[in-house]
Amino acid sequence: MKTSHDESRVVALVPAAGQGVRLGESMPKAFVPVGGSPMLTVAVDGLIASGVVDRIVIMVPAEWRAQAEALVHVNSRVPISVVTGGSERTDSVRAGLAAAPEATHVLVHDAARALTPPSLIARVVAELRAGSRAVVPGVPVADTIKSVDSDGEVTGTPDRSVLRAVQTPQGFRAQLLREAYAHDVPATDDAGLVERLGVRVRVIPGDPLAFKITTPLDLRLANALLAERELSELSQAVRP
């Protein structure tokens, strides 16, 4: 649990209702094993390990609620609720917000970013407590980016030095995110909805380990990294 003594309540919302078609699995992506455990379990463990989250709300398909509850309630040091998500990510986040009326600050964290370091989660919350209304982690874009039209013709080449690939958790003052979700407009992430309100979103340095497990290649990388971590921890445990 967090060690600060203020009146804030940090609730992490974990959308886990996506089917993960690009991963090529027959189950919701959050339940696909990574390092021997479902992505959802690994992601929740990271949130708990950060020490800055008071409560976690997980949004899953209705038919997977029982499985999710069985997975995440084992020896949890942080209260966890599982609610039914929606067909779209925005529907799931709305359901999570409705289940967290006590929240003063909200983190929205994708289960598919299961390897996100707890230290990054703590840094997002620290920025919120320092006064930021909206905070997202991001990493510099390594590739050259082209904008193209419907015919596949290049229409521009943005300066990649000012571009960031945005990660999660994305952090917000709870009331701000509720206001953003009061408008039914499309957005690819929660910060995009907040930006539509004219609110400035702060970007802090992200972490390569917070990559999104989307394709089979991503899954292989995640498994390899977790295997390496487990080997390192075992080596340290047996060291005299």
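Select Leu47 and show its surroundings. Leaving out residues up to four places away in sequence, Leu47 touches Ala12, Val14, Val53, Ile56, His109 and Ile121. The model on screen is predicted. Leu47 belongs to helix H1, residues 39-50. Is Leu47 buried or exposed? Its relative accessible area is 0%, so Leu47 is buried.

**Next stop: His109**

His109 sits in the loop that runs between E6 and helix H4 (118-129). With a relative accessible area of 1%, His109 counts as buried, because the cut-off for buried is under 20%. Now show its contacts. Setting aside residues up to four places away in sequence, His109 touches Leu13, Val14, Pro15, Ala43, Leu47, Thr116, Thr168 and Pro169. Val14 is in this list, and Val14 is also among the residues that Leu47 touches.

**A cis bond beside the histidine contacts**

Zoom to Thr168 and Pro169, both touched by His109. Which form does the peptide bond from Thr168 to Pro169 take? It is cis, with omega near 10 degrees. Pro169 lies in the loop between strand E10 (164-166) and strand E11 (170-173).

**Along strand E1**

Select residues 10-15, strand E1. Six of its six residues are buried, so E1 is largely enclosed by the rest of the structure. In a regular strand, side chains alternate between the two faces of the sheet. Colour E1 by face. Val10, Ala12 and Val14 lie on one side. Val11, Leu13 and Pro15 lie on the other. Both faces are covered.

Which strands pair with E1? Take E6 first, residues 105-108. E1 and E6 run parallel and are joined by four bridges. Here Ala12 stands opposite Leu107. Then select E4, residues 55-60. E1 and E4 also pair in the parallel sense, over five bridges. Leu13 is opposite Val57 in E4.

**Out to Thr104**

Move to Thr104, in the loop between helix H3 (89-98) and E6. Thr104 is partly exposed, at 31% relative accessibility. Display its contacts, leaving aside neighbours within four places in sequence. Thr104 is in contact with Glu7, Ser8, Arg9, Phe172, Arg173 and Ala174.

**Zoom out**

Show the whole chain as a cartoon. How many helices and strands are there? The protein has seven helices and twelve strands. Its radius of gyration is 18 Å, close to the 18 Å that the globule rule gives for 240 residues, so the protein is as compact as a globular protein of that length. Orient the view along the principal axes. The C-alpha trace spans about 60 × 40 × 40 Å.

Colour by burial: 44% of the 240 residues count as buried. Then draw contacts between residues at least 6 apart in sequence. Of these, 71% join residues at least 24 apart.

Finish with the surface. The protein exposes about 12,300 Å², and carbon and sulfur atoms supply 53% of that area. Colour the charged side chains too. There are 25 positive and 27 negative ones. The centres of the two sets lie 5 Å apart.

Conventions:
Residues numbered from 1 in each chain as written. Predicted model: local features only at pLDDT ≥ 70, side-chain atom pairs only at ≥ 80, totals over all residues. Heavy atoms only, no water. Helix = DSSP H or I, 4+ residues; strand = E, 2+ residues; numbered from the N terminus. Rg over C-alpha atoms; globule rule 2.2 N^0.38 Å. Buried < 20%, exposed > 50% of the residue type's maximum accessible area, 1.4 Å probe, protein only. Contact = heavy atoms within 4.5 Å. Areas by Shrake-Rupley, 256 points an atom, 1.4 Å probe, with all protein chains shown as cover. Lys, Arg positive; Asp, Glu negative; His and termini not counted. Charge placed at Lys NZ, Arg CZ, Asp CG, Glu CD. Pairing = 2+ DSSP bridges.
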